[in-house]
Amino acid sequence: MPTDTRTPPRVGASTRAAHAGSPRRSRARKLPNPLSVLVLALFAVFFVLPVLWLLLAATKTDDQLVHGNPLSFGSWDALGDNWSALTTFGDGAIFRWLGNSALYSFIALAITLCVAIPAGYALAMTEFRGRRTLLVATLVVMLMPNATLVVPLFLEVNAVHLIGSMWSIILPYSFYPFGVYLTYIYFSTALPRDLIDAAKLDGCSQFGVFSHIALPLAAPIVALVGFFSFVANWTNYFLPYVLLPESGQFPVQVGLGTLLDAVPQFNPTAGTAAVERPELALATLLAITPVLVVFLFSQRFLVAGMLAGATKE
C-alpha cells in the first residue's frame, strides 16, 4: 500500500518569530492612548472633584471646611448637626421649597408632553398654511437665552393677573419649544410614511394614526423630551425669582439663593438666622438629588431617545 512519504513543512524561524511577537503586539495595542487618558483626567478634575468636594463638605463643620483637607471626610456627627440646622431653618423651609419645585415641575411636565408631542407630530406629518413660519418661530425661540424671555413673560403674566400664583410659573414652563423641535425631528425622520399611508387607507383618522401608531412608536422620544423638560423646570432660577414674591412659594433653586444670603461669609448683613457653609452644601445636594434619581431610572429610555432618528430605514 503506498504511503505518503512527504515530510511536513518545517516552520521557519521567521514564522516562529511572527507567532512569538504577536502577543507583544496585541499587548501594545491594548495600551491606552495617552491623549485619551489626559482628556479623561481633565474631565475628572473639572467635573468629578467638585461633586466629591460637595459630598464631603456636608460632613464637616465650618472650621473643618475652611482649614481642613478639602477631600477629607468630616464626621457623621457633623453631618447630623448640619441636617438638623438645615431642616430647622425657616421652620423647614427647605422641604417647602422642594415640594414647590416638584409641584411646578411635574404639572408643567404633564402639560408639556400633552402639547409638545402632538405639535411636533403636526409639524412633521401634516401640511398646512404657515407651517414653515411656525417651525422657524419655534427654532428662534428655542435658540434664545431664557433670560431674554423673562421680561416679556412678566408682562404677559401681569396682563392676565397671575403674578404671585403657581400658574405664573407652570404655564411658561409648559410651553417647551425644544421639545417640539425634537419631536418634529423624530417624526420626520424615523416614522415610516408608508405605515401612515397604510393606516389611512384602512380608514384610520389623523388622530387615530397619531394615538394608535405614531405615539406608541415614539416612547423613547417622549421620555427624552420629558427628561429635558423636567431638568429645565427644576433648575430654572430667574423666572420664579422675578414672578414669585413670597418665600413660601419659592422653588428650591430660588431657596438656595435665600440660604446663600443667610451665610455671614457671603452676606455680612445676615441676621441671627445665619446659615453655615456646610449646611448650604447639604442643601445643594438635596436640590440635585431628584434630577439624579430621575436620570438613573430613565437612562435606558434616554439612550434610546437620543439614537432615535439617527438612521432612516
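Student: Leaving aside its neighbours within four places in sequence, which residues is Thr 183 in contact with?

Tutor: Thr 183 is in contact with Ala 116, Ile 117, Gly 120, Tyr 121 and Val 225, once its neighbours within four places in sequence are left aside. Contact means heavy atoms within 4.5 Å. Please keep in mind that this is a predicted model, in which local features need pLDDT of at least 70 and side-chain atom pairs count only at pLDDT 80 or more, while totals for chains, interfaces and linings use all residues. Residues are numbered from 1 along each chain as its sequence is written, and side-chain values use heavy atoms, with hydrogens and water left out.

Student: Is Thr 183 buried or exposed?

Tutor: Thr 183 counts as buried, because its relative accessibility is 0%. Buried means under 20% relative accessible area, exposed means over 50%, and partly exposed is in between, with a 1.4 Å probe and protein chains only.

Student: Where is Thr 183 placed?

Tutor: Thr 183 is in helix H9. Helices are DSSP runs of H or I with at least four residues, strands are runs of E with at least two, and both are numbered from the N terminus.

Student: Which other residues of H9 are buried?

Tutor: Besides Thr 183, the buried residues of H9 are Gly 179, Val 180, Leu 182, Tyr 184, Tyr 186 and Phe 187.

Student: And which helices do the buried residues of H9 pack against?

Tutor: They pack against helix H5 (93-125), H6, helix H11 (206-217) and helix H12 (219-235).

Student: What span should H9 have?

Tutor: The 14 residues of H9 should span 20 Å at 1.5 Å a residue, and the end C-alpha atoms of H9 are 20 Å apart, which agrees. The expected span is 1.5 Å times one less than the number of residues in the helix.

Student: At what angle do H6 and H9 cross?

Tutor: Helix H6 (residues 131-143) and helix H9 (residues 177-190) cross at roughly 130 degrees, and their axes come within 8 Å. Axes are lines fitted to C-alpha atoms, for helices over the stretch in contact, and angles run from 0 to 180 degrees between N-to-C directions. H6 and H9 are therefore oblique to each other. Angles under 35 degrees count as roughly parallel, over 145 as roughly antiparallel, 65 to 115 as roughly perpendicular and the rest as oblique.

Student: Which residues make the contact between H6 and H9?

Tutor: From H6 come Arg 131, Leu 135, Thr 138, Leu 139, Val 141 and Met 142, and from H9 come Pro 177, Phe 178, Val 180, Tyr 181 and Tyr 184. By class, the residues of this contact are nine nonpolar, one polar and one charged. Ala, Val, Leu, Ile, Met, Phe, Trp, Tyr, Cys and Pro count as nonpolar, Asp, Glu, Lys and Arg as charged, and the others, Gly among them, as polar.

Student: How do H11 and H12 pack?

Tutor: H11 and H12 pack at an angle of about 65 degrees, and their axes are 4 Å apart. The two helices are therefore roughly perpendicular to each other. Leu 215, Pro 216 and Leu 217 of H11 make the contact with Ala 219, Pro 220 and Val 222 of H12. This contact of H11 with H12 has six nonpolar, no polar and no charged residues.

Student: A change of topic: what is the phi of Asp 91?

Tutor: Asp 91 has a positive phi of about 55 degrees, although it is not a glycine. Most residues other than glycine have a negative phi. Asp 91 lies in the loop between helix H4 (76-88) and H5, and it counts as exposed because its relative accessibility is 71%.

Student: And what is the phi of His 161?

Tutor: His 161 has a positive phi of about 60 degrees, and it is not a glycine. His 161 is in the loop between helix H7 (150-159) and helix H8 (167-174). At 72% relative accessibility, His 161 counts as exposed.

Student: Finally, how many helices and strands does the protein chain have?

Tutor: The protein chain has 15 helices and zero strands. Of its 313 residues, 32% count as buried.
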